[in-house]
Amino acid sequence: MRSEEITGLGTITCNGQEIPYTIIYSNRSKSWAIEVKTDASVIVRMPQNIPPEKVRKLVETKREWIADQVQKYSSRPKISRNYTNGETLPFLGQEYPVIRHTGSPAKAEFTDDRFLITIPDDFTGPDQTALARDLTIMLYRRIGTAPLEKIIQHYAPLAEITPPRLRIRLQERKWGCCTPKNGIIINARILLAPEIVAEYIVVHELAHLRYRHHQKTFWNEVERLMPAYRDAENILKTDGWKFVF
């Protein structure tokens, strides 16, 4: 049976605070679960055909826990990047200095272990930071292809699958996903994380090409391919909020 998902929205109130949540109904879910993401978003996973009123009552039973988690994640300091001289940017666990100057054309390069960002003279004020960020994201998507492809080429034979087509995109929530045509998409933000995390996300998606669920057989495959995957998961849980452009 193909996996089908339907989404919905809801809210709960705790101590005067209104907290929105997203409901994901799936025909592969056999039980319900609530997850508070590191960006303080709340995801409620439900089997299909559960009435909205029952969903609301189930969420209410976890209201205080949800509020505590949302407060914890919301109180974290914001990561602010200006992409200017003196800053550093992480790439797969290493920090590299940023060199920004004016010139033409607008571009970002990684050379001599430095990020070189060129901003045209006619860009002023906050537009410079926005442009520098956009250029940097495009650069990460380019230079991130080789190391992620290397991970794919190592693990695909172990997983007994054909190496999938890789795409790197900036995504707000998902660290990775599979495409309908057996490709994988990896969030560009993963390139800001230590290499073990990038390795884990690729392995996670490769395992999904065989097991399109999160049941025991899936996790057994992840552990077979990468026995230390929990170390990477722990990094994502504690530091995932830091991996932002």
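Predicted model: local features only at pLDDT ≥ 70, side-chain atom pairs only at ≥ 80, totals over all residues.
Residues are numbered from 1 along each chain as its sequence is written, and side-chain values use heavy atoms, with hydrogens and water left out.

The structure holds eleven aromatic pairs, where rings of Phe, Tyr and Trp (its six-membered ring) pair if their centres lie within 6.5 Å, and where planes under 30 degrees apart count as stacked, over 60 as edge-to-face and the rest as tilted. The ring centres of Phe91 and Phe110 are 6.4 Å apart and the planes stand at 35°, so this pair is tilted. It joins distant parts of the chain, with Phe91 in strand S5 (residues 88-91) and Phe110 in strand S7 (residues 107-111), 19 residues apart; helices (H or I, at least four residues) and strands (E, at least two) are DSSP runs, numbered from the N terminus. Phe91 is buried, with a relative accessible area of 11%. Both Phe91 and Phe110 belong to one aromatic cluster, together with Tyr96, Phe115, Tyr140 and Phe245.

For Trp219 and Tyr229, the ring centres lie 5.7 Å apart with the planes at 20°, so the pair is stacked. This pair likewise links distant parts of the chain, Trp219 being in helix H6 and Tyr229 in helix H7 (residues 229-239), ten residues apart. Trp219 is partly exposed at 23% relative accessibility, whereas Tyr229, at 5%, is buried.

Helix H6 (residues 216-225) packs with helix H4 (residues 145-159) at an angle of about 125°, with the axes 10 Å apart; axes are lines fitted to C-alpha atoms, for helices over the stretch in contact, and angles run from 0 to 180 degrees between N-to-C directions. H4 and H6 are therefore oblique to each other, since angles under 35 degrees count as roughly parallel, over 145 as roughly antiparallel, 65 to 115 as roughly perpendicular and the rest as oblique. Tyr155, Leu158 and Ala159 of H4 make the contact with Glu221, Arg224 and Leu225 of H6, contact meaning heavy atoms within 4.5 Å.

Helix H5 (residues 195-208) also packs with H6, at an angle of about 135° and with the axes 9 Å apart, and the two helices are therefore oblique to each other. In this contact, Tyr200, Val203, His204, Ala207 and His208 of H5 meet Phe218, Trp219, Glu221, Val222 and Leu225 of H6. Trp219 thus takes part in the contact with H5 as well as in the stacked pair with Tyr229.

Backbone features were also found in several loops. The peptide bond from Ser104 to Pro105 is cis, with omega near 0°, and Pro105 lies in the loop between strand S6 (94-102) and S7. Glu160, in the loop between H4 and strand S9 (166-169), has phi near 60°, a positive value in a residue other than glycine, and is exposed, with a relative accessible area of 66%. A positive phi, near 65°, is also found for Asn182, again a residue other than glycine; Asn182 is located in the loop between strand S10 (176-178) and strand S11 (184-187) and is partly exposed, with a relative accessible area of 42%.

Conventions:
Buried < 20%, exposed > 50% of the residue type's maximum accessible area, 1.4 Å probe, protein only.
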